[in-house]
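Good morning, colleagues. Please take a moment to look over the sequence and the model before I describe them.

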Amino acid sequence: MPSKPPVITMDAVYTKPGYLFRRMQQIAVSIFVEECREFDLTPVQYAALVAIQNHPGIDATRLSSVIAFDRSTLGSVIERLEAKAHIERKPSADDKRVKLLYLTRAGGVLLRNIMPSVDRAQARMLAPLRPADRKALMALLSQLVDLNNEVSRVPLRAEDALEHLGKAG
């Protein structure tokens, strides 16, 4: 008599790292948007503003590498930031087709003002864990991201993006 195939339960989804990473990303974005609501900024827009502040005159391709965000989607992020007057695009002196990105005065003020909200959001994401577990989670997540960088759709490429590891010159 043929054996009955095993029943596939929702644990086949709920207990897998990919599902848990996706759920935590949903939770992280929700917390960020809630804490930063008054600033009308998404996590990707925030990352782009920080990168543009740190690299004035960066072009969109390099920005994509610095924040590890898909270049084709980044165009709409840049357009929204420009429409909100947080950044400005100027043609490159070397190649007028290339637009260089600069933080506006309003963008700089926004970044300074949003930092307490960003910090609260980050703290809330980890708040349910004990301090030692927060530290361990961050160390393991950093290790996983670094070791799996090459399999990403948008690998982190810019040397300056390694500032978080203390490897930048």
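The protein has seven helices and three strands, where helices (H or I, at least four residues) and strands (E, at least two) are DSSP runs numbered from the N terminus. Read from that terminus, the elements follow the order α-α-α-β-α-α-β-β-α-α.

This is a predicted model, in which local features need pLDDT of at least 70, side-chain atom pairs count only at pLDDT 80 or more, and totals for chains, interfaces and linings use all residues. Residues are numbered from 1 along each chain as its sequence is written, and side-chain values use heavy atoms, with hydrogens and water left out.

As to overall form, the C-alpha atoms fill a box of roughly 75 × 35 × 35 Å along the principal axes. Of the 169 residues, 28% count as buried, meaning under 20% relative accessible area with a 1.4 Å probe, protein chains only.

Let me now turn to helix 6.

Which residues of helix 6 are buried? Among them are Gly107, Leu111, Ile114, Val118 and Met125. Their cover includes helix 2 (17-35), helix 3 (43-54), strand 3 (99-103) and helix 7 (131-147).

Conventions. Buried means under 20% relative accessible area, exposed over 50%, partly exposed in between (1.4 Å probe, protein chains only). Contact means heavy atoms within 4.5 Å.
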